[in-house]
Amino acid sequence: QVQLVESGGGLVQPGGSLRLSCAASRSIFSSNDMGWYRQAPGKQREWVAGIAIDGRTLYADFVKGRFTISRDNAKNTVSLQMNSLNSEDAAVYYCNDGTIYSGTYHPIGNYWGQGTQVTVSS
């Protein structure tokens, strides 16, 4: 089975925090870097953060210093700790397998799961 299951989304106040998780099938997770994307209404899906198998990370400029991506290779999960959330962060968040090459994250698979909704509201 090829699966990506995102969870952890919900309603958060501006300035608040939320932690997202993604459970991936071993076929996806075992030999690939992983990344988080998000898609706001009316917008294209955009890359948020990536993490290599060895733990190297990189982030989109708009989340640097606020979001932290991590992975647990034993559990085939990747997480996204989101702090200082604002209205611009409201979106459906997805994870995906990819590769970090030359300082850039590149998606590989075409499996996105159903995503998890993040709503930022006072």
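Strands E7 and E8 form a hairpin with 4 residues between them. In its turn, asparagine 76 has a positive phi of about 55°. This is a predicted model.

- Strand E3 (residues 18–24) and strand E8 (residues 77–82) run antiparallel and are joined by 6 bridges.
- Cysteine 22 has valine 78 in E8 as its bridge partner.
- E7 and E8 also run antiparallel, with 6 bridges between them.
- Methionine 82 in E8 stands opposite phenylalanine 67.
- E7 shows two faces: Phe67, Ile69 and Arg71 are on the covered one, while Thr68, Ser70 and Asp72 are on the uncovered one.

**The disulfide**

- Cysteine 22 and cysteine 95 are joined by a disulfide, with an S to S distance of 1.7 Å.
- The link between cysteine 22 and cysteine 95 is right-handed, with 50° about the S-S bond.
- This pair connects distant parts of the chain: cysteine 22 sits in strand E3 and cysteine 95 in strand E9 (residues 91–101), 73 residues apart.
- Cysteine 22 has a relative accessible area of 1%, so it is buried.
- Cysteine 95 is buried too, at 0% relative accessibility.

**The salt-bridge network**

- Arg38, Glu46, Arg66 and Asp89 are linked in a network of salt bridges.
- Glutamate 46 and arginine 38 meet through their side chains, at 2.8 Å from N to O.
- Glutamate 46 is partly exposed, with a relative accessible area of 31%, whereas arginine 38 is buried at 4% relative accessibility.
- Arginine 38 also forms a salt bridge with aspartate 89, and their closest N and O atoms are 2.8 Å apart.
- Arginine 38 lies in strand E4 (residues 33–39) and aspartate 89 in the loop between E8 and E9, so this pair ties together parts 51 residues apart in sequence.
- Aspartate 89 is buried, at 1% relative accessibility.
- Aspartate 89 meets arginine 66 in a further salt bridge, at 2.7 Å from N to O.
- Because arginine 66 lies in the loop between strand E6 (57–59) and E7, and aspartate 89 in the loop between E8 and E9, the pair ties together parts that are 23 residues apart in sequence.
- Arginine 66 is buried, as is aspartate 89.

**The aromatic cluster**

- Tyr37, Trp47, Tyr105 and Trp112 form one aromatic cluster.
- Tyrosine 37 lies in strand E4 and tryptophan 112 in the loop between strand E10 (104–107) and strand E11 (116–120), so the pair ties together parts 75 residues apart in sequence.
- Tyrosine 37 is buried, with a relative accessible area of 7%, and tryptophan 112 counts as buried at 15% relative accessibility.
- Another pair is tryptophan 47 and tyrosine 105: the centres are 6.2 Å apart and the planes are at 10°, so the pair is stacked.
- Tryptophan 47 lies in strand E5 (residues 46–51) and tyrosine 105 in strand E10, so this pair ties together parts 58 residues apart in sequence.
- Tryptophan 47 is partly exposed, at 21% relative accessibility, whereas tyrosine 105 is buried, with a relative accessible area of 6%.

**Arginines over rings**

- Arginine 45 lies over the face of tyrosine 94, at 5.0 Å from the ring centre.
- Arginine 71 lies over the face of phenylalanine 29, at 4.1 Å from the ring centre.
- Arg71 also belongs to the covered face of E7.

Note on methods: Residues numbered from 1 in each chain as written. Predicted model: local features only at pLDDT ≥ 70, side-chain atom pairs only at ≥ 80, totals over all residues. Heavy atoms only, no water. Pairing = 2+ DSSP bridges. Buried < 20%, exposed > 50% of the residue type's maximum accessible area, 1.4 Å probe, protein only. Disulfide = S-S within 2.5 Å. Salt bridge = Lys/Arg side-chain N within 4 Å of Asp/Glu carboxyl O. Phe/Tyr/Trp six-rings, centres within 6.5 Å; stacked < 30°, edge-to-face > 60°. Lys NZ or Arg CZ within 6 Å of the ring centre and 35° of its normal.
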